[in-house]
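Let's take a walk through this model, chain by chain and then strand by strand. Have the sequence and the 3D view open as you read.

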Amino acid sequence: MRPSTLLRLAVAGTATDTVRVVLTAVSAALATLAGLAALTVLAIPTPPAVEEGDVRWSEQYASQLLVEPGLRGGTAFASLLLIIPVLALAGQCARLGAPARDRRLAALRLAGATPGQVIRLAAGETGLAALLGTAAGTAIYFGVREVFDTPDERGRLVLPTDVLPASGAFAAVLFGLPVVAALATALILRGVTVSPLGVVRGRQRERGPRPWAGVLIGLGLAAFAAIGPVNRWYATRDTRPPEWLTPALLMAGGLAALVGVVLGTGWISYVTGRLLRRWARRPAVLLAAARLTADPWAGSRTFAALLAAVLFGAGAAGLRSYFEAAAELERRGGGGLAGNGGFYLSTMDLVDLAVAVAMVVASGGLVVALVEGITARRRAYAALVATGVPRATVGRSIAWQALAPAVPAVALALTVGMLLARGLFGTPSSGGYRSEVCDAGEQLCTDPATREQYTRVEVEPLISVTPDVPLGHLAWLGTGAVAAVLVTVAVGLLFLRAGTAVEELRAT
Amino acid sequence: MTYLQARGVVRSYGPTPALRGVNLDIAEGEVVAVTGPSGGGKSTLLHCLAGILRPDAGEVRWRGERIDTWSEAARSRLRRSTFGVLFQFGQLVAELTAAENVALPLLLAGTGRREARTAALTWLERLGVADLADNRPGEMSGGQQQRCATARALVTEPRVLFADEPTGALDTLTGEQVLTSLVRLAREQGTSVVLVTHEPRIAGYADREVVLRDGVVDHGGLGLETPLAGGRR
Amino acid sequence: MNSERVSVPHVLLGLLAAGPRHGYELKRAHDERLPQARPLAYGQVYASLGRLQRDGLVVAAGQEREGGPDRTAYALTDEGRAALNRWLAETELPMPYVSSTLFAKVAVALLVDDVDRTRSYLAAQRQAHTARLRELTAAKTALSASLDDVVAADYAIAHLDADLRWLQTTLDRVADWHREVHS
């Protein structure tokens with residue numbers, strides 16, 4: 001297969017394929033922006049210390065998050081975290097129009113394309129779309145740089161427009177993301193090698209999902225909870241843990257928990273479907289139950305980005321309540337450093353903003369996935385309507401199908417997020433240790449002979465403040481997520497009206 | 001010379017057996033009709049012979065070499081270079097034009113686009129649909145689509161052409177026209193044809209008929225697995 | 001297969017519609033236009049022409065003698081043309097009687113109560129039918145085939161196809177019945 005052939009076949013597609021390409025490009029652009037933002041923050045040089053103990057702040061910026069070198073890592077990390085829902089969105093976009101694409105790939109296989117060629121075609125499409133996206137993202141990045149490159153009246157910059165990431169890092173984002181996207185597509189398609197008879201004969205029925213996702217969630221929680229003890233263990237041996245250990249545990253644990261929650265949704269869908277099937281009497285609910293058990297992974301695909309955002313948000317809520325507890329502790333202990341706690345709390349507002357952005361991105365993904373689900377099955381729905389099932393019943397069944405697994409899945413994500421934060425930060429406490437206090441003057445105390453009789457052991461009382469479970473905050477998150485589902489269902493039902501026109505039955 | 005050979009081919013879908021030990025030889029240039037009742041295993045046999053499906057047991061040989069043990073990719077390449085396939089409908093890629101569809105096997109094999117298009121146009125001409133070269137399948141009638149599919153099946157000048165109910169979705173006259181050109185062009189090239197059909201009229205185009213019933217070859221077409229065993233009642 | 005008797009006089013009237021012809025020409029034209037039909041005997045042609053002349057449907061339109069036997073050309077009269085049109089306008093009764101030898105043999109064989117014999121007869125007949133079907137298909141798809149050949153072959157093929165379907169269905173029925181009895 002020549003490259004020109006690959007290009008032609010990779011871009012052959014219908015309107016749905018075009019939408020998928022565009023959305024993939026948009027996701028790639030968003031990911032590029034987040035990545036470049038993080039890289040730019042990291043590229044801010046730390047000014048050399050003029051004298052011993054000098055604060056090495058970059059005073060040219062308006063925001064404290066950019067000024068203090070110690071905070072810049074966190075700022076970069078927060079913007080990198082935004083990539084997670086964006087990636088989930090990209091994953092959902094990849095499913096858009098998948099049945100039509102599978103049919104096309106099966107037809108190509110029938111014409112003699114090898115499995116490898118078919119995978120290269122699909123990966124090529126995704127890679128090209130992502131390349132378009134990263135290019136667009138880079139263009140937007142430079143546009144934003146131009147716009148904000150004017151200092152305010154105090155000569156400070158709102159954004160770090162005076163630095164650029166290293167060209168190597170730039171290239172890594174611009175070309176690395178498309179390569180990663182293409183590889184991910186290839187990896188996903190490897191599992192479902194398109195058979196030449198993809199259209200002619202259905203695949204074999206598979207068993208319902210098993211609750212293995214619980215193991216992943218457990219591993220994630222364990223990894224987070226292990227970070228504290230591991231560091232203490234190294235501390236007791238007067239060594240420091242290897243540099244990579246803590247970030248690795250954070251990444252692996254977070255990923256395991258997220259994947260666990262997303263896969264767990266498949267199991268939740270399946271179980272909900274079976275329960276509804278047993279107890280439901282109304283046709284709309286029965287229809288929804290049948291779909292839930294027939295394709296339990298639909299829920300995982302639909303809610304992936306939303307669940308990622310909810311998990312992230314619940315973790316942030318847990319962190320906030322830890323900071324609040326820490327501030328409370330300082331007040332009780334009379335540490336008087338309440339201002340410091342307040343500062344951390346204000347940076348938490350930034351994190352909450354990131355969560356909100358992630359939720360919005362995820363809702364976009366939700367609309368995409370839901371509308372895709374409806375259009376993919378529009379023939380089946382049109383057939384139902386044609387045989388006399390009221391359109392309202394079909395609509396209600398779609399609502400049930402979305403909400404029945406969404407509510408428990410969101411609750412799961414909230415719980416896991418909360419537990420992750422609690423496992424990592426634990427309960428802030430002070431005291432609980434003994435100290436030797438010498439009540440005499442310096443001379444007596446330093447003399448080993450006399451020190452003994454003037455020294456007494458004082459026990460600092462252990463004060464700990466258990467962070468509250470931020471029920472209000474979590475309730476807001478949960479309500480927001482379920483509301484997002486409701487709104488997208490409403491949007492999806494608008495498409496249902498057009499999709500269930502009986503004329504759909506004519507289309508092949 | 002024997003082109004294709006099936007020995008004891010067994011294939012099931014889950015617990016349902018489709019083929020229960022089929023033996024069959026197909027010679028060079030031979031047109032063989034595979035007939036029999038629905039569910040007898042006709043299509044499955046064709047898929048196994050063409051290397052689309054791998055049999056659960058038994059052997060499929062192409063010119064004496066076992067192909068059922070080959071990798072998916074190797075069988076795809078064999079199908080592309082040496083075999084042609086033609087189904088009842090739906091094998092054209094909806095997003096590509098007629099000419100691109102016909103050129104597809106050549107393109108996948110690495111032929112340049114201009115050269116592949118020239119070959120495709122020649123074959124569309126032979127099948128009498130040259131004027132539809134730049135139409136997409138959705139803009140053609142069933143008969144025109146089937147002619148394009150036939151052109152695609154023949155464009156690589158295959159040694160064996162596998163046709164599964166090629167006229168099933170067409171009216172009698174259109175079906176006959178498609179089949180007549182198919183068999184004529186195949187005979188001109190010395191291509192063997194395996195023709196799956198349930199219509200006696202279509203089987204009439206073949207040199208030989210093989211009846212499949214309940215997943216085995218029904219010798220003599222007697223309607224029984226074991227012919228004439230103690231029939232008096 | 002076509003046990004129905006074809007009205008030869010009406011076919012001759014039809015062949016004369018194109019213009020006057022001799023008896024010999026009429027026989028040749030008949031065999032050409034209806035290639036798969038049983039060939040006409042000369043005697044049959046002259047006997048039919050005599051009857052048509054008697055009834056005033058054709059007239060002798062001249063004689064020529066060119067070193068051979070008498071050659072009388074015949075032409076269609078107005079009455080003859082009217083008779084031809086009447087015949088063409090009449091619809092044929094669709095299968096008024098099921099009266100083929102094939103059907104009679106199967107029915108009798110079943111009556112004689114020997115399933116094996118019925119089945120082997122059916123299988124042998126099926127093979128004979130298939131062979132003839134192949135022959136006709138080959139004749140029809142030959143590049144030299146004319147439209148007349150194709151139309152005639154089509155007629156025979158459609159009937160053979162119907163017979164074959166019936167044979168196959170009957171074979172299956174006998175097999176089912178056989179299974180039912182012996183299980």
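Two residues are in contact here if their C-beta atoms, placed from the backbone, lie within 7 Å. On that basis, residues 24 or more positions apart account for 53% of the contacts in chain C with a separation of 6 or more. For chain A, 84% of the contacts between residues at least 6 apart in sequence join residues at least 24 apart.

Some housekeeping: this is a predicted model, in which local features need pLDDT of at least 70 and side-chain atom pairs count only at pLDDT 80 or more, while totals for chains, interfaces and linings use all residues. Residues are numbered from 1 along each chain as its sequence is written, with chains lettered from A and ligands numbered from 1 in the order in which they are written.

Helices (H or I, at least four residues) and strands (E, at least two) are DSSP runs, numbered from the N terminus. A residue is buried if 20 or more other C-beta atoms lie within 10 Å of its own, exposed if 12 or fewer, and partly exposed in between, again with C-beta atoms placed from the backbone.

| Chain | Secondary structure | Buried residues |
|---|---|---|
| Chain A | 18 helices, 4 strands | 41% of 508 residues |
| Chain C | 7 helices, 3 strands | 22% of 183 residues |

Along its sequence, chain C reads α-β-α-α-β-β-α-α-α-α. C:Gly62 sits in strand E2 (residues 58–64) of that chain. Is C:Gly62 buried or exposed? C:Gly62 counts as exposed because it has 12 C-beta neighbours inside 10 Å.

Now for where chains A and B meet. The contact takes 24 residues from each of chain A and chain B. On the chain A side, helix H1 (3–11), helix H6 (98–110) and helix H7 (115–147) each supply at least two residues, and H6(A) gives the most, with 5 residues.

Strand E1 (residues 2–13) and strand E4 (residues 57–62) of chain B run antiparallel, joined by 5 bridges. Within that pairing, B:Gln5 has B:Arg61 in E4(B) as its bridge partner. E4(B) also pairs with strand E5 (residues 65–66) in the antiparallel sense, over 2 bridges, and there B:Arg61 stands opposite B:Arg66. E4(B) and E5(B) form a hairpin with 2 residues between them, and B:Arg63 in the turn has a positive phi of about 50 degrees.

Technical notes
Two strands pair if DSSP finds at least two bridges between them.
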